[in-house]
Amino acid sequence: MTSTVEYLGDLRCTSTHVKSGSSFATDAPLDNNGKGEAFSPTDTVATGLASCMLTVMGIKARELTVDISKSTAAVTKIMSAEPRRISQIDVQLEMTGNCDKRTQLILERVAMTCPVHNSLHPDIKKNITFSWD
């Protein structure tokens, strides 16, 4: 088992990772009858894309002896109404690490094949940009 999810009422859930015990709350967003006091479930999907991209880049960077620590991603999720779903995810990656253009290209290609990216429905538009320092 990967995780457990408990509905707490008032459109809030707590998700717990079984192995580590770490947890986070989700709320329904303001535009869907919620309070918006925590990530919404769809926020976690969009954020998971950026987290996955940075993680697989980190794995490859370690293999290439490049340090990309302190790299960040700004995530924007756009919803559609009919049907209500994620229609677009924008990820702006601000990359650190002193690496040449070839290494940057390798890392960018790795990011674009991360498991979350490959798992998202093809109808979800994904705008991904990389900026290197």
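Because the model is predicted, local features are reported at pLDDT of at least 70 and side-chain atom pairs at pLDDT 80 or more, while totals for chains, interfaces and linings use all residues. Residues are numbered from 1 along each chain as its sequence is written, and side-chain values use heavy atoms, with hydrogens and water left out.

The chain contains three helices and six strands, where helices (H or I, at least four residues) and strands (E, at least two) are DSSP runs numbered from the N terminus. Following the sequence, these elements come in the pattern β-β-β-α-β-β-α-α-β. Along the principal axes, the C-alpha atoms fill a box of roughly 50 × 35 × 25 Å. Among the 133 residues of the chain, 31% count as buried; here, buried means under 20% relative accessible area, exposed over 50%, and partly exposed in between, with a 1.4 Å probe and protein chains only.

The strands come next. Strands of a sheet pair through backbone hydrogen bonds, either parallel or antiparallel. In this analysis, two strands pair if DSSP finds at least two bridges between them.

Ser-3 stands opposite His-17 in S2, and Thr-4 stands opposite Thr-16 in S2. S1 and S2 form a hairpin, with two residues between them. Asp-10, in the turn, has a positive phi of about 55°, although Asp-10 is not a glycine. Asp-10 counts as exposed, because its relative accessibility is 53%.

A further open sheet of three strands has the order S4-S5-S6, and its pairing is mixed. Its edge strands are strand S4 (72–80) and strand S6 (125–132), each of which pairs on one side only. Neighbouring strands of this sheet are turned by 10° against each other on average, direction ignored. Strand S5 (residues 85–95) and S6 run parallel and are joined by eight bridges. Here Gln-92 has Thr-129 in S6 as its bridge partner.

In the loop between S4 and S5 lies Pro-83, and the peptide bond from Glu-82 to Pro-83 is cis, with omega near -5°. Lys-70 is found in the loop between H1 and S4 and has a positive phi of about 80°, although Lys-70 is not a glycine. With a relative accessible area of 76%, Lys-70 is exposed.

Helix H2 (residues 101–111) shows how burial can be arranged around a helix. Its buried residues are Thr-103, Gln-104, Leu-107, Glu-108 and Ala-111. Seen down the axis of H2, these residues fall within an arc of 135°, so they line one face of the helix; the arc is that of the directions from the helix axis to the C-beta atoms. An α-helix has 3.6 residues a turn, so residues three or four places apart point the same way. On the other side of H2, Arg-102 and Arg-109 are exposed.

Finally, there is the largest pocket, with a volume of about 170 Å³. A pocket is an open set of points on a 1 Å grid over the protein atoms alone, where a 1.4 Å probe fits, with protein on both sides within 12 Å along at least five of seven lines; lining residues have an atom within 4 Å of a point. Grid points are joined across faces, edges and corners, and a volume is the space filled by probe spheres set on the points. The lining consists of Phe-24, Phe-39, Thr-44, Val-45, Thr-47 and Gly-48. Helix H1 (residues 41–63) gives the most to this lining, with four residues. By class, the lining has three nonpolar, three polar and no charged residues, with Ala, Val, Leu, Ile, Met, Phe, Trp, Tyr, Cys and Pro counted as nonpolar, Asp, Glu, Lys and Arg as charged, and the others, Gly among them, as polar.

Terms used. Axes fitted to C-alpha atoms, helices over the stretch in contact; angles between N-to-C directions.
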